[in-house]
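Trainee: I'd like to learn how to read a protein model. Could you walk me through it step by step?

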Amino acid sequence: MQAQIASYSLSNYRQKILPITSSDTLQLDTLSIAYQAFTIKTYPEQQIIPSTDYQLFFATATLVWTQKPVSDSIQVSYRVFPENFEKSYAKKDTNLIQAFGLQLLNAPKYQVDKSQQSDIFDLGALHYNGNFGRSLSFGNTQDLVVNSNFNLQMAGKIANDIEILAAITDNNIPLQPEGNTQQIQDFDRIFIQLKKDRSTLLLGDYILERPKSYFMNVNRKLQGIQFSSSILTQKNRNKTSENGFYSTASGAIARGNFNRMAFNGQEGNQGPYKLIGANSEVFIIVLSGTERVYIDGQLLTRGAENDYIISYNTAELTFTDKRLINNNKRIIVEFEYTDQNYLRSLFYVNSTYKNEKWTIKTDIFSEQDAKNQRLVDNGFEDTELAILRSVGDDIETAIVQNFPLMAYDSSRIMYKKIDTLWNNQTYTIFKQSNNRDSANYAPSFRWVGNNQ
């Protein structure tokens, strides 16, 4: 019984049985009534009373009879709001306010208590703008998908005169920028730069470019942290000379694997030319903005109005009419492509000392796979992993046949296993199929040469 009373007190539903008195006005409740939830019946006959027999004022919860029913009592059911809308609410006592001409005496004033304020979130002269959105997409052959996008830019100064420059974009759509313009804008990018005096801290996505030196020809698209600092010599601090010590340190995760392709053009063929991975991977996705294209040693410019365009999703390179291709053109393409089988770490350190007569520069670059920390499960058994560990640098022997039996998946390219006869010898091959009953394999293929 106590549980029922507690539950009733927490609900906004009311049901009452009230006697019909000589008065035409009946006060139902102290709170305002919801219009859609009101019903009234005679009691105990349970006959619905027509709305023409009464007037109900929902804000004051008052019922006025226009014609009383022939019954001793009524039963009313309704829901109430948590407040009385006819009641006046005031945080300050308005009776203390007095009119004095055009002015008000004893009017309440709001004053900020600065002693209670904290400067933890004092961002100083910081300017920011951006947008945030959600969208829904659906079709007759796909399920409902929720897409989101977030875009934020910040610039200015925060505490201790630290300058901040930030650009954060996040879109959960599996697209890359098109490589048909000279300037591209990545869909997903985090860039935060903090700077004070002659020190700079960079966080997020950035490009490690070739240092100003004959050696260390490197260009990587990374995600991590980079710190740069410089100390000018005492005698040059008030001059335009930049003599002094300079240092840069980077620690990041490589977003892709690097490859360099060299091939000759085909007579009269402007493209597309297919780019492949370092291990002869045919189906790759090139990371946007990482490519460097050379013809006969000359660096080209991306863009439909310039030298070439590239499709990052299909890894195809096409030259424009400004660069006519023939079989004497030597083409070199350097690029990064997605290969997230292992966590690939990268470290880079640069130290430089300059004076009027000479310059000393030191560059250290290291990139390696964490082969014991796989990002994805390749489905290898322990025996297969042992074979891969034993091959060493002989990549040609690093081949393991792997075609597990699996259920048909319409989102993947599926194959069926059949036997075929060639030169009086039976071979087991895989043939692409859309038959749910027989297409139960999704093997991966590697080019091993003609007739192999």
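**Starting from one serine**

Mentor: Let's begin with a single residue. Setting aside neighbours within four places in sequence, Ser71 is in contact with Ile20, Thr42, Tyr43 and Glu45, where contact means heavy atoms within 4.5 Å. The model is predicted, so local features need pLDDT of at least 70 and side-chain atom pairs count only at pLDDT 80 or more, while totals for chains, interfaces and linings use all residues. Residues are numbered from 1 along each chain as its sequence is written, and side-chain values use heavy atoms, leaving out hydrogens and water.

Trainee: Where is Ser71, and is it buried or exposed?

Mentor: Ser71 sits in the loop between strand 5 (62-65) and strand 6 (73-79). Strands (E, at least two residues) and helices (H or I, at least four) are DSSP runs, numbered from the N terminus. Buried means under 20% relative accessible area, exposed over 50%, and partly exposed in between (1.4 Å probe, protein chains only). Ser71 counts as buried because its relative accessible area is 15%. Its C-alpha atom is 9.0 Å from that of Pro19, 52 residues apart along the chain.

Trainee: How many helices and strands does the protein chain have?

Mentor: The protein chain has two helices and 26 strands. Of its 452 residues, 29% count as buried.

Trainee: What is a nonpolar core, and which residues have the most contacts inside the largest one?

Mentor: In soluble globular proteins, nonpolar side chains tend to be buried together. A nonpolar core is a set of buried Ala, Val, Leu, Ile, Met, Phe, Trp, Tyr and Cys residues joined through side-chain atoms within 4.5 Å. Here the largest has 20 residues, and Leu275, Phe319, Val333 and Phe335 have the most contacts inside it. Strand 22 (330-337) is one of the strands that each supply at least two residues of this core; with four residues, strand 22 gives the largest share. Another core, of 16 residues, lies apart from it and includes Ile40 and Tyr54.

Trainee: Which residues does Phe335 contact, leaving aside neighbours within four places in sequence?

Mentor: Among them are Phe258, Met261, Leu275, Ile276, Ile284 and Val286.
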